[in-house]
Amino acid sequence: MVKVIASSVRKGNVLEVDGHLCSVLSAESFFPGKGTPTTQIDMRRIADGVKVTQRYKTTEQVERAYVEDRDFTYLYQDGEQYVFMNPETYDQLPVDGDVVGDLAAYLQEGMKVTLSVFDDRAVAIELPQRVTLEVVETEPVTKGQTASSSYKPAILSNGVRSAVPPHVGVGTRIVVMTADGSYVERAKD
């Protein structure tokens, strides 16, 4: 275990709180005009999946668990679990749906991901920053609106809603951010 200050904690870190390992869902620091700066950390206990919120002074020490980040390849979904393979040993690692969370929509067969592993159990997942998806539903392309900065709603091939520029039509492959599903650019393929 390593001691770190609360303000340096980030999403995906694993902390030890009251003897339980917790995966960080979000960490937000508050700097009021008067008073002590604080950091609020929302976590999920790995053992039982219970959400916990703790508030620390920004400079307070917290226990960060040593987790090993390893590269894996996504294979398939099996009920509530997602199966990943270690590309070096070909060992398969099932990961609970709770760990994957909202990122499940962006998983694609053969995708390279980074799993944070503690005691041979995945406790957090990190996907590539960008993925290429196809637009399956959107308003028709409007002529003469190519330079407009207004975006229109679209549904992507993974079922996620996003906002795309007016010149993007159905069947267009686009690159989106996995963090929030926002449009980046048209796919170059």
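Reader: Is K188 buried or exposed?
Author: K188 counts as exposed in this predicted model. Its relative accessibility is 72%.

Reader: Which residue does the K188 side chain meet in a salt bridge?
Author: That would be E185. The N to O distance is 3.2 Å.

Reader: How many salt bridges does a search of the whole structure find?
Author: Three. One of them joins K188 and E185.

Reader: Which residue does E68 form a salt bridge with?
Author: R70. The closest N and O atoms of E68 and R70 are 3.5 Å apart.

Reader: What is the relative accessible area of E68?
Author: It is 36%, so E68 is partly exposed. R70 is partly exposed too, with a relative accessible area of 25%.

Reader: Next one. What does the side chain of K3 meet?
Author: The side chain of E63, in a salt bridge. The distance there is 3.1 Å, N to O.

Reader: Where do E63 and K3 lie?
Author: E63 lies in strand β6, residues 61-64. K3 lies in strand β1, residues 2-5. So the pair ties together parts that are 60 residues apart in sequence.

Reader: Is K3 buried or exposed?
Author: K3 counts as exposed, at 52% relative accessibility. The cut-off for exposed is over 50%.

Reader: New topic, pockets. How much space lies in the largest pocket?
Author: About 1200 Å³.

Reader: How many residues line the largest pocket?
Author: The lining has 46 residues. K11, G12, V99, A124 and I125 lie nearest the centre of the pocket.

Reader: Which elements give two or more residues to that lining?
Author: Several strands do: β3 (20-30), β4 (38-45), β9 (92-96), β10 (112-118) and β11 (121-126). The helix α1 (97-100) is also among these elements.

Reader: Which element gives the largest share?
Author: β11 does. Six residues of the lining come from β11.

Reader: Last one. How do the lining residues divide into nonpolar, polar and charged?
Author: There are 23 nonpolar residues in the lining of the largest pocket. Another 10 are polar, and 13 are charged.

Terms used: Residues are numbered from 1 along each chain as its sequence is written. This is a predicted model: local features need pLDDT of at least 70, side-chain atom pairs count only at pLDDT 80 or more; totals for chains, interfaces and linings use all residues. Side-chain values use heavy atoms; hydrogens and water are left out. A salt bridge is a side-chain nitrogen of Lys or Arg within 4 Å of a carboxyl oxygen of Asp or Glu. Helices (H or I, at least four residues) and strands (E, at least two) are DSSP runs, numbered from the N terminus. Buried means under 20% relative accessible area, exposed over 50%, partly exposed in between (1.4 Å probe, protein chains only). On a 1 Å grid over the protein atoms alone, a cavity is a set of points where a 1.4 Å probe fits but cannot get out, and a pocket is an open set with protein on both sides within 12 Å along at least five of seven lines; lining residues have an atom within 4 Å of a point. Grid points are joined across faces, edges and corners, and a volume is the space filled by probe spheres set on the points. Ala, Val, Leu, Ile, Met, Phe, Trp, Tyr, Cys and Pro count as nonpolar, Asp, Glu, Lys and Arg as charged, and the others, Gly among them, as polar.
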